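The tour below goes stop by stop.

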Amino acid sequence: MQILVLNTGSSSVKYQIVDPERATALLEGQLERVGEAQSHLEAFEQVAGAARKHELTAVGHRVVHGGERFSAPALIDDSVIAAIEACVPLAPLHNPSNLAGIRAARRLWPGLPQVAVFDTAFHAKLPRRARTYAIPPALAAEHGIRRYGFHGTSHAYVAERAARALERPLGELRLVTLHLGNGASACAVEYGHSTETSMGMTPLEGLVMGTRAGDLDPGAVLALLRSGLDVDAVDRILNHESGLAGLGGVGMDLRDIEARAAEGDDRCRLAISVFSHRVKKYVGAYAATMGGLDAIVLTGGIGENSVSMRRRILQRLDFLGLSFDEDRNRSVRLDSTTDVARVSRDASRVAALVVNTNEERMIALETAAIVAERTRVDNPAPIPIAVSARHVHLDAETFAKLFGPSATPTHYRDLSQPGQFACEEQVSLIGPRGRLERVRFLGPFRSANQVEISRTDEFLLGVDAPVRDSGKTRGSAPVTLEGPAGTVRLSEGLICAKRHIHMTPADAAAYHVSDGDEVEVAISGGPRELVFGGVLIRVSPNYRLEMHIDTDEGNAAELDRGAEGALVYTPATSGATASLRARRRTPE
């Protein structure tokens, strides 16, 4: 498979032909002064000439802003183009050029599938608390004011690559990924998902960048406007005259700034200090929001190449469990054969990795997945949907403390999943604000305690419970359990369970999905239709086919007992993404 990857800017076109499976660039190039000396169509005719010896399978386009609509790559048609146009006010410097490239490519390669891959897509499912600005909601909705995040393709790629280097599943890791270059952003990648990111509604927020200011008190913007500067002048200052260039006064290239700093230039020394300080601050903040940290991943022109900046960022993080290795840091040399380097000591609990980002390959992989989905046949076999109320899973030691040393679980009724059962024993959950009574224990015993509640329960207890897959309780919320024989305080273990579908391997094969895939769930046929995203596929020979949601989710869809669903395939970010359309059984 050969994918043409296009990154169309206002004055340049970067292109590669990529074999996504072999991670090989078969052809690459860049055209400058597009829009001045030539049109985008003329530029693309040059690209077509360069690519004429290759048998292209599809074209993948980088698109900066996908707004709220696109949480995954999209096969381009007229409706997708219209949606990208609607996002132009959110990215006026980028989306118009992206659209010009799409239109030119569709004219030159009308027979090839073309796919839009969005910088914002990886961040599209940020938790509400992370994406919401504290301004009146009606005003925010009217103007599309929320955190969207950018550099998503790079953050997703280096997170996956870091997980492979660490030989651990991405779904088990808490990472801070740092894309540091002329544009710079940080991302909290919690168990495979972006849960916080430094760029916001636009790429101006967050870290200090080459020419962008990053985080700034809005009052400073108002002060500049009140000083007599107009909006365009302030826009120019914050986007093009600030950042490293504005602080250092010698341009935005960090190498020049570091050279001047070594000669004693105080402005350049300050620029370096402010840049590294801001990055380090985000690392600590994101470790806190995730409840811990497994690795820090640096990429981008600065992250991959600046020995001294990596040192400034990674030193003095021992309190997080990171032991920095200066010798390894100095010896980093990334190329096409060595794209990951470790700069932490072997004994370090938190790893530090430098990864050579490859956004072009990621776009090619995303495009290939969309093309593959076009040939997939739907399988509408019904899937039962069950609503799971709050409950606790306990180890034998905790059970004994709560119910007495001689107590044994008393069977109440079998559950739908083989070998699992509800028990007569119940506990109270106690939080800082309130308590929940008669929360049932589900057997059999587990190796670790886990308490599953809904968002409504979370607010009642006064806790901040993360959304987690079952079993992933490290760094989750604390809670106190009260039973008839005693009280146990858990330092972690309280979660809001991630919505999921249990499948056997045979079921997974029939639905063309794999363990760990995520699907979309469209609930229809009732009074309140809605779509659930991020539904996890869990595969085991010990499971029985069934989708599980919590009581809040069931109430939101007004689901009755016995709801069923059918899997309907739609384009995917990676692997199979699907839509599950629930329907109600006809009463017998």
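## Stop one: a serine in a loop

Select Ser323 and Arg345: their side chains make a polar contact at 2.8 Å. Keep in mind that this is a predicted model. Ser323 lies in the loop between α13 (307-314) and α14 (326-330). Is Ser323 buried or exposed? Ser323 counts as buried because its relative accessibility is 17%, and the cut-off for buried is under 20%. Now show what Ser323 touches, leaving out residues up to four places away in sequence: Ser344, Arg345 and Ser348.

## Stop two: an aspartate between helices

Go to Asp265. Asp265 sits in the loop between α10 (254-262) and α11 (266-290). With a relative accessible area of 16%, Asp265 is buried. Display the backbone nitrogen of Cys268: a polar atom of the Asp265 side chain lies 3.1 Å from that nitrogen.

## Stop three: the rings

Colour the aromatic side chains. How many aromatic pairs does the structure hold? There are six. Take Phe399 and Phe441, a tilted pair with 5.3 Å from centre to centre and 45 degrees between the planes. This pair links distant parts of the chain, 42 residues apart. Phe399 belongs to helix α16 (residues 396-403), while Phe441 belongs to strand β17 (residues 435-443). Both partners are buried: Phe399 has a relative accessible area of 1%, and Phe441 has 0%.

Next, select Arg440 and Tyr412. The charged end of Arg440 sits over the Tyr412 ring, 4.2 Å from the ring centre.

## Stop four: strand β22

Select residues 500-503, which make up strand β22. Which way do the side chains point? His500 and His502 point one way, Ile501 and Met503 the other, and all are buried.

β24 (residues 530-539) runs parallel to β22, joined by four bridges. Look for Met503, whose bridge partner in β24 is Val539. β25 (residues 546-550) runs antiparallel to β22, joined by three bridges. Here, His502 stands opposite Glu546.

Key
Residues are numbered from 1 along each chain as its sequence is written. This is a predicted model: local features need pLDDT of at least 70, side-chain atom pairs count only at pLDDT 80 or more; totals for chains, interfaces and linings use all residues. Side-chain values use heavy atoms; hydrogens and water are left out. Helices (H or I, at least four residues) and strands (E, at least two) are DSSP runs, numbered from the N terminus. Buried means under 20% relative accessible area, exposed over 50%, partly exposed in between (1.4 Å probe, protein chains only). A polar contact is a pair of N or O atoms within 3.5 Å; within protein, one must be able to donate a hydrogen and the other to accept it, and residues adjacent in sequence count only if both atoms are side-chain atoms. Contact means heavy atoms within 4.5 Å. Two strands pair if DSSP finds at least two bridges between them. Rings of Phe, Tyr and Trp (its six-membered ring) pair if their centres lie within 6.5 Å; planes under 30 degrees apart count as stacked, over 60 as edge-to-face and the rest as tilted. A charge sits over a ring if NZ of Lys or CZ of Arg is within 6 Å of the ring centre and within 35 degrees of the ring normal.
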